[in-house]
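Work through the exercises below with the sequence and the model at hand. Each task is followed by a stepwise solution.

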Amino acid sequence: MKKLNLLLAGVAFVTFAQLSAIAATSSLTVGLHEQNGSGETGTATLTQMGADVQVVIALKGAPATTPQPVHIHEGTCANLKGVAYALTNVVDGKSTSTVSGVTIDQLVGGTYAINVHESASNLGKYVACGNVTKASM
């Protein structure tokens, strides 16, 4: 009987682990919406890569040669707070970054926004933003 209980406990643990893996969000696309008349719109695609999240940004209307800083901020597009994660600058409308030690589910479970700035010299002007929410899924 003791062996049967151990076997059942092991099966339950494996089943729970499999369900947790299935329930985890593997990808999420966040719409990036124009701000301040920039004409820049696009997407940020988040993909879970083990313990890290890859963030691929594609913007239409972005300048070809001016690097644009981009971050995952705490807060929402309407009420941005501090930078939670710095991403690779957008150049010619493209950026690929890896954010270490976080999951998409943790980002969705909090209050975060992906925000693109006009340039390093004009961080105060936002050109595109998208809230990281379950509605983005």
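**Exercise 1.** Is Lys-125 buried, partly exposed or exposed, and with which residue does Lys-125 form a salt bridge?

Solution. 
1. The model is a predicted one, and the relative accessibility of Lys-125 in it is 29%.
2. Buried means under 20% and exposed means over 50%, so Lys-125, at 29%, counts as partly exposed.
3. The salt-bridge partner of Lys-125 is Glu-118, with 3.4 Å between the closest N and O atoms.
4. Glu-118 has a relative accessible area of 26% and is therefore partly exposed.
5. The structure holds 1 salt bridge.

**Exercise 2.** Locate Thr-25, classify its burial and find the contact made by its side chain with the side chain of Asp-105.

Solution. 
1. Thr-25 sits in the loop that runs between helix 1 (2–23) and strand 1 (27–34).
2. Its relative accessible area is 11%, so Thr-25 is buried.
3. The side chains of Thr-25 and Asp-105 make a polar contact at 2.4 Å.

**Exercise 3.** Describe how strand 4 is paired and why it is largely enclosed.

Solution. 
1. Strand 4 pairs with strand 5 in the antiparallel sense, over 7 bridges.
2. These two strands form a hairpin with 2 residues between them, and Ile-72 stands opposite Tyr-85 in strand 5.
3. Strand 4 also pairs with strand 7, again antiparallel, over 5 bridges; here His-73 stands opposite Ala-113.

**Exercise 4.** Where does Asn-89 lie, and how far is its C-alpha atom from that of Gln-68?

Solution. 
1. Asn-89 belongs to strand 5 (residues 79–90).
2. Asn-89 and Gln-68 are 21 residues apart along the chain, and their C-alpha atoms are separated by 5.2 Å.
3. Leaving aside neighbours within four places in sequence, Asn-89 contacts residues including Gln-68, Val-70 and Lys-94.
4. With a relative accessible area of 34%, Asn-89 is partly exposed.

How values were computed: Residues are numbered from 1 along each chain as its sequence is written. This is a predicted model: local features need pLDDT of at least 70, side-chain atom pairs count only at pLDDT 80 or more; totals for chains, interfaces and linings use all residues. Side-chain values use heavy atoms; hydrogens and water are left out. Helices (H or I, at least four residues) and strands (E, at least two) are DSSP runs, numbered from the N terminus. Buried means under 20% relative accessible area, exposed over 50%, partly exposed in between (1.4 Å probe, protein chains only). A polar contact is a pair of N or O atoms within 3.5 Å; within protein, one must be able to donate a hydrogen and the other to accept it, and residues adjacent in sequence count only if both atoms are side-chain atoms. A salt bridge is a side-chain nitrogen of Lys or Arg within 4 Å of a carboxyl oxygen of Asp or Glu. Contact means heavy atoms within 4.5 Å. Two strands pair if DSSP finds at least two bridges between them.
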